[in-house]
Amino acid sequence: MRRRLDIAISLLASPQVIFLDEPTTGLDPRSRRNVWELIQQLSKDGVTIFLTTQYLEEADQLADKIAVIDGGRIVEEGTSEELKGLIGNEKIELIFDDLSSCSLALKLLEGQINESEQMISINTCSIESLRQLLNTLYEHGIEPISVSFRKPTLDDVFMDITSRKRKGLTTNA
């Protein structure tokens, strides 16, 4: 309620610009959705909103333009779709029964491993890529227990961009 009250008080003067710092932190899902609707309505009414958030799903839903900040500096910016396009169209996620199968599969395929979930994520752009990946695994006697496609998220973008920076692989946008 305090967050909603803070936003309501800031709207009393009918501002043209509003700065919101983590407006949904600590809110339950329904209250968070209500705040999102309020922010979207304000934006439709022509109010310029600067929103800081660590919830990248929130930025994806609310922002027209997003700046990714790492180490206090803007390292990339653009629309949600532009940023997601930086890391590929879709990911194939392969989950394995055990970590040894997962590690062996990683040696055969280029991807990112999540050891705790025994999962490998691979950037892809086609069904043909999936066919080739599964054939490679089959030829080496490795069978995933689950295979799924998913679109990149802003979490993926953040992890990719900040990983490149740490590895010294920065890009100029």
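# A guided tour of the predicted model

Begin by selecting Glu81 and Lys84, which form a salt bridge whose closest N and O atoms lie 3.7 Å apart. The term denotes a side-chain nitrogen of Lys or Arg within 4 Å of a carboxyl oxygen of Asp or Glu. The model is a predicted one, in which local features need pLDDT of at least 70, side-chain atom pairs count only at pLDDT 80 or more, and totals for chains, interfaces and linings use all residues. Residues are numbered from 1 along each chain as its sequence is written, and side-chain values use heavy atoms, with hydrogens and water left out.

Colour helix H4 (residues 80-85) next: Glu81 and Lys84 are three residues apart in this helix and are therefore separated by about one helical turn. Helices (H or I, at least four residues) and strands (E, at least two) are DSSP runs numbered from the N terminus. Glu81 is exposed at 56% relative accessibility, whereas Lys84 is buried at 12%. Here buried means under 20% relative accessible area, exposed over 50%, and partly exposed in between (1.4 Å probe, protein chains only).

**Further salt bridges**

The whole structure contains eight salt bridges. Select Glu90 and Lys151, whose side chains meet in one of them at 4.0 Å, N to O. Glu90 belongs to strand E5 (residues 90-95) and Lys151 to the loop between strand E8 (146-150) and helix H7 (154-166), so this pair ties together parts that are 61 residues apart in sequence. Glu90 is partly exposed, at 26% relative accessible area, while Lys151 is exposed, at 57%.

Move on to Asp156 and Arg150, which are joined by a salt bridge of 2.6 Å, N to O. Asp156 is buried, at 15%, and Arg150 is partly exposed, at 24%.

**The aromatic pair**

The structure holds one aromatic pair. Select Phe19 and Phe50 to see this pair, which is stacked, with 4.9 Å centre to centre and 10 degrees between the planes. Rings of Phe, Tyr and Trp (its six-membered ring) pair if their centres lie within 6.5 Å; planes under 30 degrees apart count as stacked, over 60 as edge-to-face and the rest as tilted. Phe19 is in strand E1 (residues 17-21) and Phe50 in strand E2 (residues 48-52), so the pair links distant parts of the chain, 31 residues apart. Phe19 is exposed, at 62%, and Phe50 is partly exposed, at 45%.

**The nonpolar cores**

Now show the largest nonpolar core, which has twelve residues, including Ile92, Leu94, Phe96, Leu109 and Leu130. Such a core is a set of buried Ala, Val, Leu, Ile, Met, Phe, Trp, Tyr and Cys residues joined through side-chain atoms within 4.5 Å. E5, helix H5 (99-108), strand E7 (119-124) and helix H6 (127-139) each give two or more residues to this core. H6 supplies the largest share, three residues. Another core lies apart from this one; Ile18, Leu20, Trp36 and Leu62 are among its ten residues.

Return to Phe96 and display its contacts (heavy atoms within 4.5 Å). Not counting residues up to four places away in sequence, Phe96 touches residues including Ser101, Gln118, Glu143 and Pro144.
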